[in-house]
Amino acid sequence: MSQRIPVTELTGGFRDRAEVALADGQLRTNFRTAMDSLMKKRADAFPDEEEREGLRELGNRIKARALSRLPDLLEQLEAKLTDNGVQVHWAETTEQANEIVHGIIQARQGTQVVKGKSMVSEEMEMNDYLAERGVECLESDMGEYIVQLDGEKPSHIIMPAIHKNRYQVARLFHDKLGVDETDDVNELIQIGRRTLRRKFMEADVGVSGVNFAIAETGTLLLVENEGNGRMSTTAPPVHVAVTGIEKVVENLRDVVPLLSLLTRSALGQPITTYVNLISGPRKADELDGPEEVHLVLLDNGRSGAFADAQMRQTLNCIRCGACMNHCPVYTRVGGHTYGEVYPGPIGKIVTPHMVGLHQVPDHPSASSLCGACGEVCPVKIPIPELLQRLRQENVKSPAEGPKVKDGGAKYSRKERLIWRFWRTLNSTPALYRLFLWGATRFRKLTPKHVGPWTQNHTAPVPAKRSLHDLAREHLARNGGQ
Amino acid sequence: MSARSNILNKLRTGLAGSIPRPDDFDERLVTEPWQYAPEDRVMRLRNLMEAVHTEVHQVRSDDWPEKVAAILAERELGNLLHAPATVHGQQLAVHWEQSGSHVQLLAYDRPVEEWKEELFWQVDASITGTVGAIAATGSLVLWPDRHEPRLMSLLPPLHIALLKASEIEDNLYAMMQRQNWSAGLPTNLLLVSGPSKTADIEQVLAYGAHGPKELVVLILEDA
Ligand code: SF4
């Protein structure tokens with residue numbers, strides 16, 4: 001039972017990758033099974049609709065309030081953290097953020113880093129950056145560890161290795177770690193535990209993400225089930241947290257509903273096994289905990305999204321993954337097809353601000369606009385609305401001044417001309433009649449292949465007589481009764 | 001210009017002309033669905049914790065050390081990390097002496113660096129106090145300090161936690177208010193809701209990922 005299934009290659013564009021993924025039966029089964037179960041878990045975790053909707057509304061307001069004071073809150077957070085003994089750094093680009101992290105490691109002459117789960121560090125491609133500079137950066141979340149061991153990227157923001165089944169993991173561990181092949185999930189996890197525990201003990205620096213940064217108290221809040229987050233933030237002598245500037249909330253009580261929304265939406269759990277609130281490095285009389293704690297605040301396009309009142313809503317995101325779990329497109333094509341750090345609906349609305357629409361021109365249209373994502377989003381981001389907006393930005397001409405990074409990536413003069421012609425045709429009666437006359441007479445001449453439409457449908461052929469014609473005839477015959 | 005001022009300037013430009021949203025936090029939304037009669041509180045906590053593989057015992061404040069001894073004996077463990085300077089640590093030590101237990105009592109009495117290897121690999125179990133628990137989510141609240149440092153509840157495969165029944169709150173919001181968390185937090189505050197676990201392979205739940213494989217909670221009913 002240890003078949004090796006080819007993993008979707010990260011080449012070509014969204015369409016090419018989607019085709020490969022769609023043809024991969026195993027991949028589709030892995031995703032379908034996982035997403036069905038995650039959807040059910042979420043539904044079970046919110047049995048009371050009224051309670052759920054009240055909480056979502058509150059979550060939305062808390063984030064909107066935080067964003068409406070974002071620069072002030074960031075300054076307050078910085079001041080509080082500094083008081084608590086945490087060093088705060090700011091980075092506009094991922095390059096700057098990597099330099100900062102590398103600098104901290106170098107100052108300690110560190111060579112080994114363990115990392116708790118952090119999507120921002122994925123944005124930074126921190127593992128590669130550090131590896132190139134002789135620093136080993138090891139993922140310690142089980143899913144992330146598996147993915148890293150296989151030289152892959154995460155395919156889901158909460159469940160990084162969800163595209164693999166146990167047999168694939170068993171073979172991977174056998175090949176890379178030299179252990180006996182076992183399809184017992186418990187045994188596989190114990191192998192990971194043993195290997196990583198040594199790494200936690202030896203690491204010079206621990207890196208983590210942040211779920212919520214609390215300005216009021218200068219506290220970094222992290223959620224997790226495994227304990228690898230606590231290990232990474234507690235065992236090594238230095239802890240570096242990296243996070244996006246949108247993660248700050250005003251006060252401690254604000255995290256009560258957000259935490260509940262996050263864990264219930266993501267995993268259907270009332271709470272994660274660990275909620276880890278870090279408010280400073282080891283104090284003089286304490287016996288463990290890192291001697292230094294750093295926070296790196298990363299912009300990477302977020303301030304660009306912030307500048308647009310509608311797009312600002314993308315910064316509400318608490319990275320729960322519910323939108324991808326409920327997305328019919330994501331479930332079928334899997335996370336790697338998106339080719340970027342954040343897949344699924346959330347990826348489609350945040351990625352353009354980070355890398356520009358030129359790099360992800362198909363993202364806004366890879367959606368059926370069914371609305372499931374917006375319906376489940378715990379902080380009520382109107383994802384379908386933002387996708388439509390991005391579609392518009394995507395086809396704006398340079399003269400129309402697209403507002404999103406690299407907007408107009410799909411602008412085509414030919415397409416514009418066709419639409420202009422179509423408008424004139426439909427708003428000029430004489431022209432319209434002439435067109436109808438031609439279309440019905442020469443109906444046999446319509447093309448048999450009209451792009452993707454004819455992959456699964458027969459090409460449309462105009463009727464012999466137009467509806468106008470038939471109606472006129474009918475009225476003439478029946479005298480308009 | 002520094003990255004800091006660039007970012008802040010961009011954000012401020014983005015906000016030009018707008019006013020901050022009012023703070024209309026409605027605390028009823030996070031309290032009302034999560035309130036319990038005093039007699040149900042322990043049951044709720046127990047049910048939720050047991051659902052995620054936590055072993056829960058209701059004991060008395062004078063006989064819990066016996067229970068600890070029994071738990072260790074059942075598992076044939078060789079040592080237990082405790083905090084000698086705490087009240088419960090002393091209570092435990094007294095019982096150990098009177099009963100002549102063979103399980104070695106260890107103390108976290110030096111910085112982690114001085115005994116990392118031993119602490120990471122050779123401690124079988126630990127016992128710590130808690131500062132309360134939350135019935136709504138089935139969570140213990142741990143407030144690590146010099147006597148019960150952070151790693152004490154994380155590294156040993158078995159973690160035993162003592163909880164006073166009177167310190168169980170209905171929900172997280174109530175807990176924050178009662179303990180006035182806004183006024184000052186420890187360097188590391190923890191909510192613990194079961195033994196460490198993962199579902200990263202095929203969503204199959206496996207316990208003992210990186211932290212304790214087992215969590216045992218002793219609820220002191222008369223405390
Ligand atoms: S957009 Fe909403 S549903 Fe999607 S990850 Fe972010 S918070 Fe969750």
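Biologist: Which residues of α5(A) are buried?
Modeller: This is a predicted model, in which local features need pLDDT of at least 70, side-chain atom pairs count only at pLDDT 80 or more, and totals for chains, interfaces and linings use all residues, while side-chain values use heavy atoms, without hydrogens and water. Residues are numbered from 1 along each chain as its sequence is written, with chains lettered from A and ligands numbered from 1 in the order written. Buried means under 20% relative accessible area, exposed over 50% and partly exposed in between, with a 1.4 Å probe and protein chains only. In α5(A) the buried residues are Ala97(A), Asn98(A), Ile100(A), Val101(A), His102(A), Ile104(A) and Ile105(A).

Biologist: What distance separates the end C-alpha atoms of helix α5 of chain A?
Modeller: The expected span is 1.5 Å times one less than the number of residues. Helix α5 (residues 94-107) of chain A has 14 residues, so its span should be 20 Å. The model agrees, with the end C-alpha atoms apart by 20 Å.

Biologist: Which residue just after α5(A) takes a positive phi?
Modeller: The phi value concerned is about 50 degrees. The residue that takes it, just after α5(A), is Gln109(A).

Biologist: In what order do the six strands of the open sheet stand?
Modeller: Helices (H or I, at least four residues) and strands (E, at least two) are DSSP runs numbered from the N terminus, and two strands pair if DSSP finds at least two bridges between them. The pairing in this sheet of chain A is parallel, and the order is β1-β10-β7-β4-β2-β3.

Biologist: Which are its edge strands?
Modeller: An edge strand here pairs on one side only.

Biologist: Over how many bridges do β7 and β10 of chain A pair?
Modeller: Strand β7 covers residues 238-244 and strand β10 residues 292-298. Val238(A) stands opposite Glu292(A) in β10(A). The two strands pair in the parallel sense, and the bridges number seven.

Biologist: What angle does helix α4 of chain A make with β1(A)?
Modeller: Helix α4 (residues 70-83) packs on the sheet, touching β1 and β10 of chain A; contact means heavy atoms within 4.5 Å. Axes are lines fitted to C-alpha atoms, for helices over the stretch in contact, and angles run from 0 to 180 degrees between N-to-C directions. The angle is about 145 degrees.

Biologist: What is the mean pLDDT of chain A?
Modeller: pLDDT is the predictor's confidence in each residue, from 0 to 100. Over residues 1-10 of chain A the pLDDT is below 50, but 97% of the chain's residues reach 70 or more. The mean is 94.
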